[in-house]
Amino acid sequence: MTDLIDGLYSLGDPIQDTKAPAGPIDKKWTQRKFEAKLVNPTNRRKLTVIIVGTGLAGASAGATLGEAGYRVKSFCFQDSPRRAHSIAAQGGINAAKNYKEDGDSTYRLFYDTVKGGDYRARETNVYRLAEVSASIIDQCVAQGVPFAREYGGLLDNRSFGGVQVSRTFYARGQTGQQLLIGAYQALERQIAAGTVEMFSRHEMLELVVVDGKARGIIARDLVTGEIQTHYADAVVLASGGYGNVFYLSTNAMGSNVTATWRAHRKGAYFGNPCYTQIHPTCIPVAGEHQSKLTLMSESLRNDGRIWVPKKVEDCEKNPNDIPEEDRDYYLERIYPAFGNLVPRDIASRQAKNVCDEGRGVGPVVGDKRRGVYLDFSEAFGRIGKEAVAAKYDNLFEMYKRITGDDPYEVPMRIYPAVHYTMGGLWVDYDLQSTIPGLFVTGEANFSDHGANRLGASALMQGLADGYFVLPNTIRDYLAAGPFPDIDESTPEVRQARQQVADRVHHFLTVQGTRSVDSYHKELGHIMWEHCGMERTAEGLRTGIDKIRELRADFWRNVRVLGENEQLNQSLEKAGRVADFLELGELICIDALHRRESCGGHFRAESQTEDGEALRHDDEYAYVAAWEFTGTGAEGQIGAPVLHKEDLVYEFIELKQRSYK
Amino acid sequence: MNLTLKIWRQAGPDAKGELVTYQVQDISPDMSFLEMLDVLNERLNDEGREPIAFDSDCREGICGMCGLMISGEAHGPEKATTCQLHMRTFTDGDVITVEPWRADPFPVVRDLVVDRGAFDRIIQAGGFISVNTGAAPEAHSSLVPMEHAMRAFQAAECIGCGACVAACPNASAMLFLGAKVTHLGELPQGQPERWGRVVAMLNQHDLEGFGGCQNLGECSYACPKGIPQDVISTLNHDLRKAMAKGR
């Protein structure tokens, strides 16, 4: 029997050094900050840093580097930096403040994050994340972020999935919004101060690499169509995740992989692309017209109980008519210790399992009912409707608006949806990619969440990277600058510009028959079916073939109307979908090569007797960092080269995860 | 359901615009308003006609990117952003007019897309608390009484969509301005810059060409986040106090 993976990739040299300093884990960050070279304040203004993306990771980095006196150029495709998709994060942000005196500590946050990530994250980076978490809360409070408070005026906390302490700070169901507005205001302050130059409605379409170093970007002004070259001494990608490769996800419509994918094509390794998070509490798909899925914050699992009918014949009934004894609170039954607060990957997979058994509720989508109940009636009885409303009213309202059902009267229906991508560009301890001078922060990098991210940790990571980590590590690189001047006569610059211009020209002249959206939708179907919540070797192999076919057709047959020299949303989408069509293949190859289950990556061939994810630490305790190969021709990718970074667990013992 | 749409089309900032009529068929009540426009755009693309440009991003009512005048109402008949407006609000045979935000400080970029850069510049003028990264004291070193925390939060819910401006006959941005002044002014951290902030932000507001407030209340009525009109009272209060202090 030939192996289905044969010929799809080749093995390259392992990654030996992640640049973390030696020594005890709680001294490494202090050590690194001390060893990293300093840049004299008067020299900082001679150094330019480009930051792509203005979410938590980008806006915080922009503000902080601006305050330090560097020249920052900040880019976002939205009309204002305040709109980046971090804004949609609902539940909260973790920090090891131990304000509840419930046994929390930096070490416990570190431990929970490594365990939650199913032992596929890098210890050194995760420890640092936990270490700086408390400073984030201080910084945000000082900026005026209106976190929830207790009557005594102190900050309130709540608990989140996968942990047994209350360390989540929140601002009702709008924590991401409030944190982002804080970072945005700090960024705007620097724009006013002249240290940051803002380029809204601009999209990075290519990375400029000169003499092996990242030296700038090619961007398109989305209003005028002008193709611009921006030069810098270092480039930071804070451009978010790639969940939209699935078309339907909780990401914003514009969230895309283009910035990181173009950097990958220029030599930046892509880490663990198959680690995608399917969030358990989203509003189920209603029909073919659907353009996105909406998350219901995981915080709802603190008070809501998840169930499906025990009997298949009850699934069509009004849930209020189903007596208590005929309900299966399956998470509480299977995981008595954590109950409804198990990590996201587990909650999602169990929802899929009960629906596969035919016990799902709500409308039939495809061949099955795809939904489970999230029921608050017990909480209404325990703390009263008013108290529930104080915590979740905006979420209840949103649910009602979208579905037409009132969760105060009937239980919510939820189903898992693609939400977050743990994979991203590979970075070392300094958050530097394999291209010198190219740094990657937030969801765009791969570094902290392993194979599954815990709730309220994305906001923590974005702000940790942007406020505290990157500003300290990037100076070590910038200390060698300013780097020699380059301009449009530099061959690499000319070539990058030409590439962008050719691509735009191609899309506008191919004059095919199918819309960009129709390709995106079809790609999403392929990814969800073959590389979704459960993956098999055969399914992935089929998926790869289908993606290749679709990609070839896209380049021949897409229809983009209008011109370059105007706001042209089809043209913007065409570039993004083109890159998703390449990324999708890499995700499937990564998923196919990893013949184990871990976190959000569930291979049907690798499960325990009771259906839990079964890791194979002897074979797969490594980060898969993929190198792009190929001629560079659009739409064509070669067999990628796999570089393994072995995950060494010096401080935490590798265990099979248990939440029972 | 079947609907008649009259949609504002304008090729560019300096081009002449007009309302163009489109018919849409078989619209599901479960669709959002923007998904209905997606369906229309797919059809236009198939017919070789350029799709209608409109802004949207998160499509869950929080990023503030979307915003349309729907039959004369900012964000349409529901108290929600345009992306959260669902077609079950309409009935078969309805005629719906769709226009961009109408306000001089928000020039049209194309079709239904406007430039709201003026809001960013108002924030630049003073809509922040000056604290450099790393300089913050311990979070529990200042307490915030519940009533201040609640009011600050309520004002901080503003998503900067611009519906308040679009709804105001004077194209005033006082609700946007008042929300930020209230958010930061309610908190102990916001006190040191409180009086300078209100003056600087108001000056920028006027410079951008936004009009004055006549207390009509259209802004608060149109606001998808329910920012109360009394933030404008707070704004006026702070402004008087700032002037008394010689700002």
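A salt bridge joins the side chains of A:Lys292 and B:Glu60, at 2.5 Å from N to O; the term stands for a side-chain nitrogen of Lys or Arg within 4 Å of a carboxyl oxygen of Asp or Glu. The model is predicted: local features need pLDDT of at least 70, side-chain atom pairs count only at pLDDT 80 or more, and totals for chains, interfaces and linings use all residues. Residues are numbered from 1 along each chain as its sequence is written, chains are lettered from A in the order in which they are written, and side-chain values use heavy atoms, without hydrogens and water.

The rule finds five salt bridges across the interface of chain A and chain B. Contact means heavy atoms within 4.5 Å.

| Item | Value |
|---|---|
| Residues of chain A in the contact | 75 residues |
| Residues of chain B in the contact | 73 residues |

About 6200 Å² is buried between chain A and chain B, and carbon and sulfur atoms give 50% of this area. Buried area is the accessible area (1.4 Å probe) that two parts lose on being put together, summed over both.

The largest nonpolar core has 227 residues. Such a core is a set of buried Ala, Val, Leu, Ile, Met, Phe, Trp, Tyr and Cys residues joined through side-chain atoms within 4.5 Å, where buried means under 20% relative accessible area (1.4 Å probe, protein chains only). A:Leu237 is one of the residues with the most contacts inside this core. Beyond its neighbours within four places in sequence, A:Leu237 is in contact with residues including A:Val52, A:Met204 and A:Leu438.

Note on methods. Buried < 20%, exposed > 50% of the residue type's maximum accessible area, 1.4 Å probe, protein only.
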